[in-house]
Amino acid sequence: MAKIIKSDEEWKKELTPEQYRILREKGTERAFTGEYWDNHEDGIYLCAGCGELLFDSNTKFDSGTGWPSYYASVNDNSIEEQRDLSFGMIRTEVHCAKCGGHLGHLFEDGPKPTGMRYCINSGSLKFQKK
Ligand code: FE
């Protein structure tokens, strides 16, 4: 996949302050405050940084966490994983493979059929109705 490389200045111009904080500084939005945690419409979720297709509403589920949660990504190649040891926890950080934007974390306590839970910030996403 062709990577998108931009300077911090360029990202700052394109993104809202909240998107920048999450995508480029690995920030986290407060639970139950984001735009999509309670969104039940049919559609697709694109990377707010670069427009890459990341998730489909048919894999979204109510996790009770207050963040949009999915049991699978649309395409394995669109999301990269990295070990995250911050805050004294061992977690798997996930980011957009195309622009490197931080999305959230991946946990192995999701529902069937995958058992995975992608816990994603609304601020990393852009929803497009089907
Ligand atoms: Fe991206």
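**Backbone, strands and a pocket**

Tutor: Let's begin with lysine 26, which is partly exposed because its relative accessible area is 48%. Keep in mind that this is a predicted model.

Student: Where does lysine 26 lie?
Tutor: Lysine 26 is in the loop between α2 and β1. Its phi is near 55°, a positive value in a residue other than glycine.

Student: And phenylalanine 87, what about its phi?
Tutor: Phenylalanine 87 isn't a glycine, yet its phi is positive, about 60°. You'll find phenylalanine 87 in the loop between β5 and β6.

Student: Is phenylalanine 87 buried or exposed?
Tutor: Exposed: the relative accessible area of phenylalanine 87 is 72%, and the cut-off for exposed is over 50%.

Student: OK, peptide bonds. What is the one from lysine 112 to proline 113 like?
Tutor: The bond from lysine 112 to proline 113 is cis, with omega near 5°. Proline 113 belongs to the loop between β7 and β8.

Student: Let's switch to β8, then. Which way do its residues point?
Tutor: Strand β8 covers residues 117-120; Arg117 and Cys119 point one way, while Tyr118 and Ile120 point the other way. In a regular strand, side chains alternate between the two faces of the sheet.

Student: Are those β8 residues buried or exposed?
Tutor: All of them are buried.

Student: How many bridges join β7 to β8?
Tutor: There are 4 bridges between β7 (residues 102-107) and β8, and the two strands run antiparallel. As one of the partners, glycine 104 is bridged to isoleucine 120 in β8.

Student: And in what sense do β4 and β8 pair?
Tutor: Antiparallel: strand β4 (residues 69-70) and β8 pair over 2 bridges. There, serine 69 has cysteine 119 of β8 as its bridge partner.

Student: Changing topic: where is glutamate 29?
Tutor: Glutamate 29 lies in the loop between α2 (17-23) and β1 (43-47).

Student: Why does glutamate 29 count as buried?
Tutor: Because its relative accessibility is 4%, and buried means under 20%.

Student: What is glutamate 29 in contact with, leaving aside its neighbours within four places in sequence?
Tutor: The contacts of glutamate 29 include Glu18, Arg21 and Ile22, then Trp67 and Pro68, as well as Ile120, Asn121, Ser122 and Gly123.

Student: How far apart are glutamate 29 and serine 122?
Tutor: They're 93 residues apart in sequence, but 7.7 Å apart in space, C-alpha to C-alpha.

Student: Which backbone nitrogens does the side chain of glutamate 29 reach?
Tutor: The glutamate 29 side chain reaches the backbone nitrogen of serine 122 at 2.7 Å and the backbone nitrogen of glycine 123 at 3.0 Å.

Student: Last topic, the largest pocket. How much space lies in it?
Tutor: About 280 Å³.

Student: Which residues lie nearest the centre of the largest pocket?
Tutor: Of the 17 residues lining the largest pocket, Thr28, Asp84, Arg91, His102 and His105 lie nearest its centre. The elements giving two or more residues to that lining are β5 (79-84), β6 (91-96), β7 and β8.

Student: Which element gives the most?
Tutor: β7 does, with 4 residues in the lining of the largest pocket.

Student: And what's the lining like by class?
Tutor: The lining of the largest pocket has 7 polar, 5 nonpolar and 5 charged residues.

How values were computed:
Residues numbered from 1 in each chain as written. Predicted model: local features only at pLDDT ≥ 70, side-chain atom pairs only at ≥ 80, totals over all residues. Heavy atoms only, no water. Buried < 20%, exposed > 50% of the residue type's maximum accessible area, 1.4 Å probe, protein only. Pairing = 2+ DSSP bridges. Contact = heavy atoms within 4.5 Å. Polar contact = N/O pair within 3.5 Å; in protein donor to acceptor, adjacent residues only side chain to side chain. 1 Å grid on protein atoms, 1.4 Å probe; cavity = no way out; pocket = protein on both sides within 12 Å on 5 of 7 lines; lining within 4 Å. Points joined across faces, edges and corners; volume = space filled by probe spheres on them. Nonpolar A, V, L, I, M, F, W, Y, C, P; charged D, E, K, R; others polar.
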